[in-house]
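Open the model in your viewer and keep the selection tool ready. The stops below go from a surface patch to a group of rings.

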Amino acid sequence: MLNIDAGSSLYIVLAVVFSSGFISGLSPCTLPTVVFVTAYVGGARVESKKRGFILSLFFILGIALMLSLLGVFAGLIGGIISNATVLNFIIAGVLLIMGLWLLKVININFNWSFSKINPKKGSGMLGALLLGIPFGIGASPCTMPVTLSVLAFSSLKGSAVYGMLLMFVFALGRSIPLLVAGTFTGILKDLSFISKYQHIIEKVSGAILIGLAGYFIWQALL
């Protein structure tokens with residue numbers, strides 16, 4: 001198994017985190033959302049690729065802002081929990097729960113309330129940015145397990161900067177498919193075949209998370 005603990009090369013960790021974000025961003029339940037967002041905040045159907053790109057970019061900036069702030073928080077929490085054994089057990093617990101969620105062994109429902117972030121239709125770039133903030137963590141349940149798992153991993157070094165960097169890179173990976181979909185809305189038809197393999201992707205991802213949970217339990221017992 002790939003060793004991606006706190007002592008691993010930063011480049012390896014960033015590559016794994018970026019790839020995780022990219023795969024989660026390809027989720028069929030995520031891609032259509034960005035098209036809706038660009039149309040909503042644009043006030044009409046977005047015909048211009050340039051306009052679609054700009055609105056999608058600001059939507060993505062909102063996602064990156066939220067995830068980076070959560071990474072800072074995770075790093076600070078990791079710094080407070082100075083006992084490496086306890087931290088490894090906590091991370092293992094999060095990974096295990098998220099893995100079981102992806103495997104449909106357990107079902108977790110989140111009731112998110114974004115009433116305070118409700119931009120008006122046609123609000124443009126600012127509206128896209130504001131809509132991206134809650135979307136970063138809570139508006140896409142199918143990507144939630146991966147997001148929370150990376151967030152837990154971000155606490156490993158107990159550094160706010162480390163946590164922010166990991167979550168920002170994760171946001172970049174997750175946002176590339178969204179940027180493409182928002183710019184070229186027709187791409188969704190070409191990517192529709194991904195939905196056929198969604199269950200397989202979820203099961204493989206769940207198995208990987210459970211395997212990583214076992215790894216962190218092993219680290220905690222050393």
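**Stop one: a surface patch**

Select Phe18, Phe22, Ile23, Phe168, Leu172, Ile176 and Val180: together they make a nonpolar surface patch with about 550 Å² of accessible area. Helix H1 (10–25) and helix H7 (160–183) are the elements that give two or more residues to this patch. The largest share, four residues, comes from H7. Helices are DSSP runs (H or I, at least four residues), numbered from the N terminus. A nonpolar patch joins side chains of Val, Leu, Ile, Met, Phe, Trp or Tyr within 5 Å, each with over 30% relative accessible area and no salt bridge (a side-chain nitrogen of Lys or Arg within 4 Å of a carboxyl oxygen of Asp or Glu). Areas come from the Shrake-Rupley method with a 1.4 Å probe, and for residues only the protein chains shown count as cover.

This is a predicted model: local features need pLDDT of at least 70, side-chain atom pairs count only at pLDDT 80 or more, and totals for chains, interfaces and linings use all residues. Residues are numbered from 1 along each chain as its sequence is written, and side-chain values use heavy atoms, leaving out hydrogens and water.

Now pick Phe22, in helix H1. Phe22 is partly exposed, at 33% relative accessibility (buried is under 20%, exposed over 50%, partly exposed in between).

**Stop two: the rings**

Select Phe153 and Phe216. Their ring centres are 6.2 Å apart and their planes at 65 degrees, so the pair is edge-to-face (centres within 6.5 Å; planes under 30 degrees apart are stacked, over 60 edge-to-face, the rest tilted). Phe153 is buried at 8%, and Phe216 is buried at 1%.

Terms used:
Patches are made of residues with over 30% relative accessible area and no salt bridge: like charges are joined within 9 Å, nonpolar side chains (Val, Leu, Ile, Met, Phe, Trp, Tyr) within 5 Å. Buried means under 20% relative accessible area, exposed over 50%, partly exposed in between (1.4 Å probe, protein chains only). Rings of Phe, Tyr and Trp (its six-membered ring) pair if their centres lie within 6.5 Å; planes under 30 degrees apart count as stacked, over 60 as edge-to-face and the rest as tilted.
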